[in-house]
Amino acid sequence: MTGSPDTPDEGSHATVLRERWALPEHAAFLTALRAVLTGGAGDWRAVART
C-alpha cells in the first residue's frame, strides 16, 4: 500500500468494497439495511438473508 491509511490504494480491499456497494443494484438492499439499523426495530440478519 503506497497511500496513507486515510487514502487507501485503488486496489485495496476497502476501496473495492466501497465501489461494489456503490453499484445501483445494491441500493434497495442498502436502504432496507440502513432502515433496520437506524430504526432500532427488526433483524438485520433477516434483511441480509433476503
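T15 is placed in helix 1, which covers residues 13-21; helices here are DSSP runs of H or I with at least four residues, strands are runs of E with at least two, and both are numbered from the N terminus. This is a predicted model, in which local features need pLDDT of at least 70 and side-chain atom pairs count only at pLDDT 80 or more, while totals for chains, interfaces and linings use all residues. Residues are numbered from 1 along each chain as its sequence is written, and side-chain values use heavy atoms, with hydrogens and water left out.

T15 is buried, its relative accessible area being 13%, where buried means under 20% relative accessible area, exposed means over 50%, and partly exposed lies in between (1.4 Å probe, protein chains only). S12, found in the segment before helix 1, is likewise buried, with a relative accessible area of 14%. The side chains of T15 and S12 are joined by a polar contact of 3.0 Å; such a contact is a pair of N or O atoms within 3.5 Å, and within protein one atom must be able to donate a hydrogen and the other to accept it, with residues adjacent in sequence counted only if both atoms are side-chain atoms.

## W21 and the aromatic pair

W21 also lies in helix 1. When its neighbours within four places in sequence are left aside, W21 is in contact (heavy atoms within 4.5 Å) with H26, F29 and L30.

The model has one aromatic pair, under the rule that rings of Phe, Tyr and Trp (for Trp, the six-membered ring) pair if their centres lie within 6.5 Å, with planes under 30 degrees apart counted as stacked, over 60 as edge-to-face and the rest as tilted. That pair is formed by W21 and F29 and is tilted, with 5.5 Å from centre to centre and 35° between the planes.

## Helix 2 and the residue after it

Helix 2 takes in residues 27-39, 13 residues in total, and reaches 18 Å from its first C-alpha to its last, close to the 18 Å expected at 1.5 Å a residue; the expected span is 1.5 Å times one less than the number of residues. G40 follows helix 2 and has a positive phi, near 75°.

## The salt bridge of R45 and D43

One salt bridge is counted, defined as a side-chain nitrogen of Lys or Arg within 4 Å of a carboxyl oxygen of Asp or Glu. In this salt bridge the side chains of R45 and D43 meet at 3.5 Å, N to O. R45 is partly exposed at 45% relative accessibility, and D43 is partly exposed at 34%.

## The chain as a whole

The protein has three helices and zero strands, and along the sequence its pattern reads α-α-α. Of its 50 residues, 10% count as buried, T15 and S12 being among them. The accessible surface comes to about 4100 Å², of which 59% belongs to carbon and sulfur atoms; these areas come from the Shrake-Rupley method with a 1.4 Å probe, and for residues only the protein chains shown count as cover.
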